[in-house]
Amino acid sequence: QSVYKVQLLENSTEGTLVVRVNATDVDEGSNSEVTYAVTNFIPASGRDVITVNSNTGEIHLTGALDFEEVSVFDFRIEARDQGTPPLSSHCSVELEVLDVNDNAPEVWVTSLSVPVPEDASVGTVVALLSVSDRDSGANGRVRCWVWPAAPFGLEATFAGSYSLVLREALDRERVSEYEVEVRAEDGGAPALGARRGLRVPVSDVNDNAPLFAQAVYTVLARENNAAGAELARLWARDPDEAGNGRVSYSVWEGAAGGVGAAAGSGWRAASSYVSFEVRAVDAGEPPLCGNATVQLFVLDENDNAPALLPPAGSAPEGHTLLIVVRDHGEPARSATATLSVSLLEANEAALAAGSSAASSSGSGSRSAVGVDVGGAAASAATNVWLVVAICAVSSLFLLALVLYGASRWAPRAAVLSGPGPTTLVCASEVGSWSYSQRHSRSLCVADGAAKSDLMVFSPNFPPPPPGAAPKDTQPEPSALLHT
């Protein structure tokens, strides 16, 4: 043949027989003896690939074939006899290298935009990739995908180029970094594949406001705290990072102060119940804030002793009592006051009452029996009061004489009376009293006998003049004073 065409797989091993060429010479003897040699290689690298047996014409592989390097080799074989002069002839050998799926796909990252903001929109391009396979045909056809399938995906832009795009919304507080793997596989049998790993960090966006552990905090604090004393400790969590998660605290001035509720509405007084808001603000752009309400209850301390009101007026000097008022606090506090009590004879009490009534003029005053008399009425009836006072003093004087005489001859005894109006007349060395009370508990008057109760009564006065309060509206005599 003038041309020999041969096909070999590129993975053929060294020593493989490529082809056997044969030349015949009709001469005899040495003139018919033929030798073979390679005279020309296209490309020249074929010299390292094949060799020819000069005696047999067999062509063998002496090197590895690579379809991706050279797919076709052309060379010429010369057949020469041993005559004189020698004669020769040529033929061509065309060696076609057949492709074998011996090349895996290759993946390159040509562009990478990281970190990706967590608020990036769906469809954002994260990276550009190039994928190729040196094999031909089905062995060189490559398919690609990304693993895991979310939140990224691959989109083919043109032959051999892909874009890694965002398919789902990101949340840095949930996943702060993704390890993405781009996988490629060719169509050979068996198929070959390749992988390329990508690290995609997610950058923080200030999308979380500070959050308190409780919406409302109740704080109990005792009064009289020293300035700077800690009342409560509040903490707000912000899952953002860096400045977006750095929280500062302040009291919201718009809500500071006590609770202004109307009396009787059920609210505590503002002095013991304070409600205000604490605001936590992060350092992001724009800053986000969260609020918590703090209800502060001020607990009472026993820091006030009981106080007695000053006496309404002065009293004559007489029996002196020390009154102690004590609370039940811890520690207990107390206050004392001195009470002067004087016992007057009936006529002296009447004179004192008369002089007190005579002096009540001008502005409104209170009489000895506790009846309020207007200034105008007292001024108009001054003369009448003087007459009444004189009559009253005289009557009381006569009554005192009668009582004094009766007390001399009447038996001294204790009188017990039950409910109902009761009148008792007693006499002693001190003086005489008349007692009229709706309820009387006990009374004991005797010379040298111990007294368990001290009773002070107001004297009986004559009825008021016309225009004054009716007799039945006069207050009842003073109550008992127990010591």
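Me: In β15, which residue is the bridge partner of A184?

Reply: This is a predicted model, in which local features need pLDDT of at least 70, side-chain atom pairs count only at pLDDT 80 or more, and totals for chains, interfaces and linings use all residues. Residues are numbered from 1 along each chain as its sequence is written, and side-chain values use heavy atoms, with hydrogens and water left out. Strands are DSSP runs of E with at least two residues, numbered from the N terminus. Strands β14 (residues 177-186) and β15 (residues 193-203) run antiparallel and are joined by nine bridges; in β15, the partner of A184 is A194.

Me: Which strands are the edge strands of the open sheet of four strands?

Reply: Two strands pair if DSSP finds at least two bridges between them. The sheet has mixed pairing and the order β9-β15-β14-β11. Pairing on one side only marks the edge strands, β9 (116-117) and β11 (142-147).

Me: Is E33 buried, partly exposed or exposed?

Reply: E33 is found in the loop between β2 (17-20) and β3 (34-42). Buried means under 20% relative accessible area and exposed over 50%, with partly exposed in between (1.4 Å probe, protein chains only). Because its relative accessibility is 47%, E33 counts as partly exposed.

Me: How far apart are the C-alpha atoms of E33 and R80?

Reply: Contact means heavy atoms within 4.5 Å. Not counting residues up to four places away in sequence, E33 touches R80, D81 and Q82. E33 and R80 are 47 residues apart along the chain, and their C-alpha atoms are separated by 8.1 Å.
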